[in-house]
Amino acid sequence: MAAQTILQKLEILADAAKYDASCASSGTAKKNSLGGKGIGSTEGMGICHAYAPDGRCISLLKILLTNHCVFDCHYCVNRKSSNVARARFTPQEVVDLTLAFYRRNYIEGLFLSSGIVKNSNHTMEQIVEVARILREEHDFRGYIHLKTIPEADAEIVHQAGLYADRVSINVELPTDSGLTRLAPDKDARQIEGAMGKVKSDLVEAKDARKRFKHAPRFAPAGQSTQMIVGADAATDADIVGKASRLYDNFRLRRVYYSAFSPIPDASAVLPLKRPPLIREHRLYQSDWLMRFYGYKPSDVMQATEADGNLPLDIDPKLAWALKFREAFPVDVNRASKEQLLRVPGLGVKAVGKILASRRHRALRLDDVALLTQSITKVRPFICTVDWRPITLTDRADLRSLLAPKAEQLELFAA
Ligand code: SF4
């Protein structure tokens, strides 16, 4: 067989990496090459592939080192039993591509993952070698996110953290039974053990840098993980519960949710249909509520429907408010920050502005309307000096009044 060109390998290995959603490069230390030192920067704009939580668009070269794999995870296009074209980069080839793309301003960094070749340690060493060459031989200061392999020795994973801005280990599925069924070579205890080790490395490195200015940095953008949604029977309540435990136990920066998408040459044990993409969106919204709005996982679970899933037609914050109407209306001029954050339609920024403005004067409904995209959504849940919803909060048809209207798609829309 003729040797593959770099372009052919890139085509295969960039396509094979597209199923991994966990690549937003948020929260890293700022580095740049101003003053002619080094190459690359974690700041700036380019081709967009991922979004940070602050809305910033990040461009990353997102590839696999190889899509050969000795594991057989049913949901993965790269599993050993999958009949797909295979390719493999050398570490030097990935380095050359990263630098070439960077110099052309196509990317701001590298997201590198891999199938497992030979064994976990060998693969992890190759991944680390890419980052080492970039950092040590080229003084590359762009963003590097390395996907780490939980079965690899802790010392090699530690090396990855010394070069990368972020490391991640995918938990893959929300329940242990789902993992056993769909990823028979993986072990939930091993995955969480590896995440626990990364967490202690992060804590140690932070402490060391407080004491010694030149102590080595370790994954300054922290660790993240990804869960596949809709490949097994796990409900949104299961997923939210798992995400919350992961945040608490491993101090994760992010949990990414990736709606399962049918893959070429799919295994027969997988569902034939993908879950609606809006389900992934509702999970991100609930994640946001837990991280920034003070909701406990139990609050989000209370917003689920009888089948354990979040409603698709309304967001989880509105779903919670409709179930717990006795908590409303809240008086915008007196309510605590926590109470205001529960009002559907009021974001963290709007609540901050309300708290600041009401120190100077009593707020009217028009004042609140200036802070929200939809005062219709807010009105049933608040009082102001000139507004009281009276019976609106308790109306039986409030959900249908507030749910976004279904839109007729245009037949000839571009
Ligand atoms: S170990 Fe990773 S690359 Fe290999 S089959 Fe499983 S998910 Fe796919």
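Where does K118 lie? K118 lies in the loop between β4 and α3 (120-138). Helices (H or I, at least four residues) and strands (E, at least two) are DSSP runs, numbered from the N terminus. Phi of K118 is near 60°, a positive value in a residue other than glycine. K118 is exposed, at 63% relative accessibility. Here buried means under 20% relative accessible area, exposed over 50%, and partly exposed in between (1.4 Å probe, protein chains only).

The model is predicted; local features need pLDDT of at least 70, side-chain atom pairs count only at pLDDT 80 or more, and totals for chains, interfaces and linings use all residues. Residues are numbered from 1 along each chain as its sequence is written, and side-chain values use heavy atoms, with hydrogens and water left out.

The protein has 414 residues, and buried residues make up 53% of them. Its secondary structure consists of 15 helices and 10 strands. Contact means heavy atoms within 4.5 Å. Among contacts between residues at least 6 apart in sequence, 68% join residues at least 24 apart.

Confidence was examined through pLDDT, the predictor's confidence in each residue, from 0 to 100. The protein averages a pLDDT of 88. A score of at least 70 is reached by 88% of the residues. The lowest confidence falls in strand β1 (residues 50-51), with a mean of 56. The highest is in α11, at 98. Residues 24-30 are one of them, with 28 contacts beyond four places in sequence in the model. Residues 41-48 are another, with 34 such contacts beyond four places in sequence. Where pLDDT is low, the predicted coordinates should not be read in detail.

A residue is near a molecule if one of its heavy atoms lies within 4 Å of it. The residues around the ligand are C69, F71, C73, C76, R79, G115 and K186. This shell divides into four nonpolar, one polar and two charged residues. In this scheme Ala, Val, Leu, Ile, Met, Phe, Trp, Tyr, Cys and Pro count as nonpolar, Asp, Glu, Lys and Arg as charged, and the others, Gly among them, as polar.

Side chains of opposite charge can pair when their charged atoms come close. A salt bridge is a side-chain nitrogen of Lys or Arg within 4 Å of a carboxyl oxygen of Asp or Glu. By this rule the count comes to 21 salt bridges. One of them joins D236 and R279, with the closest N and O atoms 2.8 Å apart. This pair links distant parts of the chain: D236 is in helix α7 (residues 236-250) and R279 in helix α8 (residues 277-292), 43 residues apart. D236 is buried, at a relative accessible area of 1%. R279 is buried as well, at 11%.

D299 and R342 also meet in a salt bridge (2.9 Å, N to O). Again the pair links distant parts of the chain, with D299 in helix α9 (residues 297-302) and R342 in the loop between α11 (337-341) and α12 (348-357), 43 residues apart. D299 is buried, with a relative accessible area of 9%. R342 counts as buried at 15% relative accessibility.

R291 is partly exposed, at 25% relative accessibility, whereas D287 is buried, at 1%. Elsewhere, E129, R132, E136 and E137 are linked in a network of salt bridges.

Two further side chains make polar contacts (N or O atoms within 3.5 Å; within protein, one must be able to donate a hydrogen and the other to accept it, and residues adjacent in sequence count only if both atoms are side-chain atoms). T372 is in the loop between α13 (365-369) and α14 (375-378). A polar atom of the T372 side chain lies 2.9 Å from the backbone oxygen of G345. T372 is buried, with a relative accessible area of 13%. S400 lies in helix α15 (residues 398-402) and is partly exposed, at 49%. The S400 side chain reaches the backbone oxygen of D397 at 2.9 Å.

Most residues other than glycine have a negative phi, and most peptide bonds are trans. N105, not a glycine, has a positive phi of about 65°. The peptide bond from F328 to P329 is cis, with omega near -5°.
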